[in-house]
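Here are my notes on the model you sent over. Have it open as you read, and look up each residue as it comes along.

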Amino acid sequence: MKLGFIGTGNMASAIMGGIIGKGVIPAEEIIGADMFAPGRERVKEKFGIQVTDDNKEVVEKAEVVILSVKPQFYGDVISEIRDLVRPEQLVITIAPGKTLAWLAEQFGKDVKIIRCMPNTPAMVGEGMTAACPNEHVTAEEIGYARTLLESFGRMQIVTEHLMDTVTAVSGSSPAYVFIMIEAMADAAVLGGMPRPQAYQFAAQAVLGSAKMVLETGKHPGELKDMVCSPAGTTIEAVRTLEEKGFRSAIIEAVKVCEEKSRSL
């Protein structure tokens with residue numbers, strides 16, 4: 001087996017979908033472990049991978065292991081598998097707050113670890129992932145991990161001190177955007193638009209705006225100014241957003257998310 005997952009929840013499923021869909025690793029070369037039977041059967045049926053309820057089996061069979069359980073279970077899982085992890089094996093983690101130093105302490109030996117923070121848009125191939133390798137990971141192994149992580153979106157290597165910021169600005173931020181889309185759609189419904197149509201208009205506007213930032217290279221403020229005609233409708237809406245503290249609310253949300261990530 002080339003790739004193993006310990007945990008087969010939503011994020012693991014998103015990663016599997018990207019890797020298999022892009023043909024990076026075939027489904028028959030992937031194994032996933034989950035104590036929750038419906039969860040592992042779901043990914044088996046959806047992707048055709050091998051599944052098990054034994055975390056140790058994944059470590060024994062896979063060349064690369066992705067730890068995709070919730071942060072509070074990391075200690076127990078690592079305690080269970082650490083004696084089986086091989087020197088040449090690569091371990092990828094996706095838990096907020098679990099530093100490379102903490103992970104090294106849990107394993108109690110030299111292990112090749114890449115700490116990552118993806119986000120849920122990986123489910124549609126538009127994820128944003130930060131990765132931070134420890135000193136035991138080679139350049140070739142980083143390249144291989146990049147191939148895996150870019151199969152479901154964009155990826156950048158960052159220094160570890162930025163990982164909590166990454167959690168706040170991309171890992172958790174889809175929730176902020178979903179709230180904004182829901183609120184925009186609610187306003188459109190108030191204006192008489194059918195709700196399904198309102199969600200399409202609001203979501204596509206967000207998608208297109210994000211694409212403009214990424215593809216034009218222009219500053220978001222410059223793109224905002226391009227929409228704001230003198231004495232027009234948009235600048236009136238922007239004035240109201242500023243009056244209601246929209247910008248500050250976003251900043252404060254990202255700030256507290258970052259602080260929470262550091263405390264995990």
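1. One term to start with: a residue is called buried when its relative accessible area is under 20%, exposed when that area is over 50%, and partly exposed in between. Keep in mind that what you're looking at is a predicted model. With that cut-off, 40% of the chain's 264 residues come out as buried.

2. Now the overall picture. The chain has twelve helices and eight strands. Its C-alpha trace spans about 65 × 40 × 30 Å along the principal axes.

3. Let's start with a pair of charged residues, Lys112 and Glu141. Their side chains form a salt bridge, with 3.3 Å from N to O.

4. Thr138 belongs to the loop that runs between strand 7 (127-133) and helix 6 (139-149). Thr138 counts as partly exposed, because its relative accessibility is 35%, a value that falls between the 20% and 50% cut-offs.

5. How many salt bridges are there in total? The count is twelve. One of them joins Glu150 to Arg146, where the closest N and O atoms are 3.1 Å apart. Glu150 is partly exposed at 35% relative accessibility, and Arg146 is partly exposed at 29%. Glu222 and Lys218 make another salt bridge, this time with 3.5 Å between the closest N and O atoms. Here Glu222 is partly exposed at 39%, and Lys218 is partly exposed at 33%. Also look for Asp164, Glu258 and Arg262, which are linked in a network of salt bridges.

6. On to the cysteines. How many disulfides does a search of the whole structure find? The search finds zero. Take Cys132: the nearest cysteine sulfur belongs to Cys116 and is 8.9 Å away, while a disulfide needs the two sulfur atoms within 2.5 Å. Cys132 counts as buried, with 5% relative accessibility. Cys228 is buried as well, at 17%.

7. Asp53, Asp54, Glu60, Asp76 and Glu80 gather in a patch of negative charge. Of these, Glu60 can be found in helix 3 (residues 55-61). The other patch is nonpolar: Met212, Met226 and Val227 make up about 290 Å² of surface. Val227 is part of helix 10, which covers residues 220-227.

8. Tyr74 is in helix 4 (residues 74-81). Tyr74 has a relative accessible area of 1%, so Tyr74 is buried. Ala95 is 21 residues from Tyr74 along the chain, and the C-alpha atoms of the two are separated by 8.2 Å. Ala202 is in helix 9 (residues 195-216). At 6% relative accessibility, Ala202 is buried too.

9. Last, an alanine to check. What is the phi of Ala231? The angle is positive, about 55 degrees, although Ala231 is not a glycine. You'll find Ala231 in the loop between helix 10 and helix 11 (233-243). With a relative accessible area of 85%, Ala231 is exposed, since exposed means over 50%.

Definitions and conventions. Residues are numbered from 1 along each chain as its sequence is written. This is a predicted model: local features need pLDDT of at least 70, side-chain atom pairs count only at pLDDT 80 or more; totals for chains, interfaces and linings use all residues. Side-chain values use heavy atoms; hydrogens and water are left out. Buried means under 20% relative accessible area, exposed over 50%, partly exposed in between (1.4 Å probe, protein chains only). Patches are made of residues with over 30% relative accessible area and no salt bridge: like charges are joined within 9 Å, nonpolar side chains (Val, Leu, Ile, Met, Phe, Trp, Tyr) within 5 Å. Accessible areas come from the Shrake-Rupley method with a 1.4 Å probe; for residues, only the protein chains shown count as cover. A salt bridge is a side-chain nitrogen of Lys or Arg within 4 Å of a carboxyl oxygen of Asp or Glu. Helices (H or I, at least four residues) and strands (E, at least two) are DSSP runs, numbered from the N terminus. Lys and Arg count as positive and Asp and Glu as negative; His and the chain ends are not counted. The place of a charge is taken as NZ of Lys, CZ of Arg, CG of Asp or CD of Glu.
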